[in-house]
Amino acid sequence: MNKPLTFVSVAAAGLLAYAVYFDYTRRNDPQFRKSLKKRAVQMEKEDAKAKKQATKAKRNVLKKALLADLAANPPPKDASQKESYFLEQISMGERYAPMLGGEVHAALCFYKALSVYPNPTDVLGVYKNSVPAHVYELVVELISIQAPNKVDEIIPEAKSADQEKEFKPADLD
């Protein structure tokens with residue numbers, strides 16, 4: 001008889017026996033079922049915690065990038081310069097949006113254009129239809145970090161963390 005064939009046959013039989021034993025135990029042992037459920041719940045909690053940490057880290061990166069960019073390149077205050085600044089930021093954002101790794105820079109450009117526009121809610125509606133979804137989400141996240149003029153009146157998600165802290169449940173009474 002062939003030795004490799006014998007070895008493969010014994011390994012396959014052992015694997016099949018383990019699968020049958022595992023299935024039997026899973027179906028008939030209440031402690032085993034409880035331990036499987038515990039592990040599943042624990043893994044879900046760990047996944048939720050990891051997602052929450054990733055979201056928090058992403059928000060911190062966006063906040064640092066926003067504050068650094070606004071400090072280095074503040075938007076103009078003069079009305080005559082705002083139009084050219086708006087168009088420049090829109091074109092830069094459109095250039096960076098399709099690039100791999102340029103999403104944050106594109107979102108910053110769109111945010112800065114939004115901040116100088118007289119009615120930012122109109123521009124935000126245009127962004128929703130024309131900007132890629134992942135970049136639009138970053139723009140909304142930037143708005144929630146530091147809201148430009150008039151956007152926080154329309155978008156409830158645009159409230160900054162400071163505004164959320166000011167609200168107290170006692171105010172409802």
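This note goes through the helices, salt bridges, aromatic pairs and surface of one predicted model.

1. Basis. The model is predicted, so local features need pLDDT of at least 70 and side-chain atom pairs count only at pLDDT 80 or more, while totals for chains, interfaces and linings use all residues. Residues are numbered from 1 along each chain as its sequence is written, and side-chain values use heavy atoms, with hydrogens and water left out.

2. Overall make-up. The protein has eight helices and zero strands; helices (H or I, at least four residues) and strands (E, at least two) are DSSP runs, numbered from the N terminus. Along the sequence the pattern reads α-α-α-α-α-α-α-α. Of the 173 residues, 25% are buried. Here buried means under 20% relative accessible area, exposed means over 50%, and partly exposed lies in between (1.4 Å probe, protein chains only).

3. Surface and contacts. The accessible surface comes to about 12,800 Å², and 59% of that belongs to carbon and sulfur atoms. Accessible areas come from the Shrake-Rupley method with a 1.4 Å probe; for residues, only the protein chains shown count as cover. Among contacts between residues at least 6 apart in sequence, 57% join residues at least 24 apart. A contact means heavy atoms within 4.5 Å.

4. Salt bridges. How many salt bridges does a search of the whole structure find? The search finds four, a salt bridge being a side-chain nitrogen of Lys or Arg within 4 Å of a carboxyl oxygen of Asp or Glu.

5. Aspartate 69 and lysine 112. These two residues form a salt bridge, with the closest N and O atoms 2.8 Å apart. The pair links distant parts of the chain: aspartate 69 is in helix H2 and lysine 112 in helix H4 (residues 103-116), 43 residues apart. Not counting residues up to four places away in sequence, aspartate 69 touches Leu108 and Lys112.

6. Glutamate 141 and arginine 59. The side chains of these residues meet in a salt bridge at 2.5 Å, N to O. This pair also links distant parts of the chain, with glutamate 141 in helix H6 (residues 133-145) and arginine 59 in helix H2 (residues 30-72), 82 residues apart. Glutamate 141 is partly exposed at 24% relative accessibility, and arginine 59 is partly exposed at 29%.

7. Arginine 27 and aspartate 23. The closest N and O atoms of this salt bridge are 3.1 Å apart. Both residues are in helix H1 (residues 3-28), and because they are four residues apart there, about one helical turn separates them. An α-helix has 3.6 residues a turn, so residues three or four places apart point the same way. Arginine 27 is exposed, with a relative accessible area of 55%, whereas aspartate 23 is partly exposed at 27%.

8. Aromatic pairs. The structure holds four aromatic pairs. Rings of Phe, Tyr and Trp (its six-membered ring) pair if their centres lie within 6.5 Å; planes under 30 degrees apart count as stacked, over 60 as edge-to-face and the rest as tilted. For phenylalanine 22 and phenylalanine 32, the ring centres are 5.4 Å apart and the planes stand at 85°, so this pair is edge-to-face. Phenylalanine 22 belongs to helix H1 and phenylalanine 32 to helix H2, 10 residues apart. Phenylalanine 32 is buried at 18% relative accessibility. Tyr18, Phe22 and Phe32 form one aromatic cluster.

9. A nonpolar patch. Phenylalanine 22 is partly exposed, with a relative accessible area of 34%. Together, Tyr18, Tyr21 and Phe22 make a nonpolar surface patch of about 360 Å². Patches are made of residues with over 30% relative accessible area and no salt bridge: like charges are joined within 9 Å, and nonpolar side chains (Val, Leu, Ile, Met, Phe, Trp, Tyr) within 5 Å.

10. Which residues of helix H5 (residues 120-130) are buried? They are Pro120, Val123, Leu124 and Tyr127. Seen down the axis of H5, these buried residues fall within an arc of 105°, so they line one face of the helix. The arc is that of the directions from the helix axis to the C-beta atoms. Lys128 and Asn129 are exposed on the other side of H5.
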